[in-house]
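Keep the model open as you read.

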Amino acid sequence: MDQLPGSNILSPFFFAGKLEEEKFKRFERLAELFTWLAVILGLLILQLPFAQDLNKQAIYIIDAAIGVYALVWYRLIPKKFSGRLKMLASNLITITFIAFIVHNTSGVQGYLIFLYFLAILSSAMTQPIAYMLITVLYVEFLIFLEAFLTAGAFEVNISLAVLHSWALLLVVFFARFNAGEASLLKKRQEEVILGRERALGELKDEFVYIISHELKQPATAIKGYLATLFSKYSDSFNTDTREIIELTNVNSGRLSKLLDDLLDISQIQKGSLKIKMTDVSLRPVISEVLSSLLLEAQNKRISLVQKGAEEMAAKADADRLKEVLTNLVGNAVKYTPEGGKVIVEVKKEGGFSKILVSDNGVGISEGDQKHLFEKFYRVENEKTEAVKGSGLGLFITKQLVEKMGGQIGFTSNVGEGTTFYFTLPRYRW
Ligand code: ADP
């Protein structure tokens, strides 16, 4: 609790008035409503038989002036200018109108002085301390000025002015402490909720990490047993058995990939993803990734091509780089129809190596392009519905590339194909 705001008794006084900018529009709407109510009800009340002589004509003129001001201020000035400064100006203008009303009624001796209290109440509750002080000083100045202008004994007028000032200061302190305390309480509650949510999020990440980690072991074992089955007993399989075991193998591969992705995500989320940067020769890494995806590509008669004869090295984590390339080339194969072509190319770009993975596959629409790197985002249309995936690959790929000091992007046209590219800091020139 110690780190939370408001441990000091004076904190509410300084904390009040810390409104976010968008709240001012709401305050303005309220102020407009209040102004119109004051104008209309004021006119009606003025018809009552008052004991004191009021300069009704002057009050009508001031009332009309307030009406015109309200129209211009709240209707003609665009709302985008709403904010602290506009509110201060509005308060000062309102207070000036009040000064005229007070002057044209019974001055410091009259009851309409309470209108100042209303204006100061709103300022104390909603404005930063400097603006509130300006407003208080302005009101004090007007009250004492009125003491000189009001008819009657000067000592009485000055005494009344002092009394009003005292009451005004009480209103200011009381309103500001209460408003500040309420805002502080809200802030403290928000921080407690935020803290709980954060802790819950961390717990969830930890849970996902532990579960994925525990499931990884049996999944790897199943993959190993299947590989043994294939290598040792493949000859004894009949067609049905072969098909079932092949399907089991594909699904166990998917399960392993999903678990790897979940492990990556929870490490990214926890901030514990480790990157070991070394100098990596790009050519052999790309060849290795392409060979690992060769079978998948051959099944769809897709040709995998490696372009760019030049030898280039980059600063990267070799395993993470393989993961990035496997995701991008794997996607290119997945989202390219039979007989297509996937090209991996390396280029120099300033101090960076740029690796491009192009395909002539289904492409990505503009609407989907905006969301592609979001967690769990998958494009859903008739061309992609048969392709299995989790929507995690590109999210992880982007994080990994950025962790290695590079950037990722893509260009795509529906029906023509997609090129994903990413950069890595170059090691040798
Ligand atoms: P997954 O492939 O598991 O669905 P990804 O995060 O790797 O998840 O990709 C997100 C989405 O981006 C995919 O669902 C797919 O629709 C689209 N996508 C990715 N790569 C390509 C590509 N080369 N061509 C067309 N669409 C792609």
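Domain bounds here come from an automatic or database domain assignment. That assignment gives domain 1 (1-273) and domain 2 (278-425). Residues are numbered from 1 along each chain as its sequence is written. You're looking at a predicted model, where local features need pLDDT of at least 70, side-chain atom pairs count only at pLDDT 80 or more, and totals for chains, interfaces and linings use all residues.

The C-alpha centres of the two domains sit 45 Å apart. Where they meet, seven residues of domain 1 are in contact with seven of domain 2 (C-beta atoms, placed from the backbone, within 7 Å). On the domain 1 side, that's four nonpolar, no polar and three charged residues; Ala, Val, Leu, Ile, Met, Phe, Trp, Tyr, Cys and Pro count as nonpolar, Asp, Glu, Lys and Arg as charged, and the others, Gly among them, as polar.

Now find helix H8, residues 239-270. (Helices are DSSP runs of H or I, at least four residues, numbered from the N terminus.) Its 32 residues reach 47 Å from first C-alpha to last, close to the 46 Å expected at 1.5 Å a residue, taken times one less than the number of residues. Just after H8, Gly271 takes a positive phi of about 75 degrees.

Note on methods:
Helix = DSSP H or I, 4+ residues; strand = E, 2+ residues; numbered from the N terminus. Contact = placed C-beta atoms within 7 Å.
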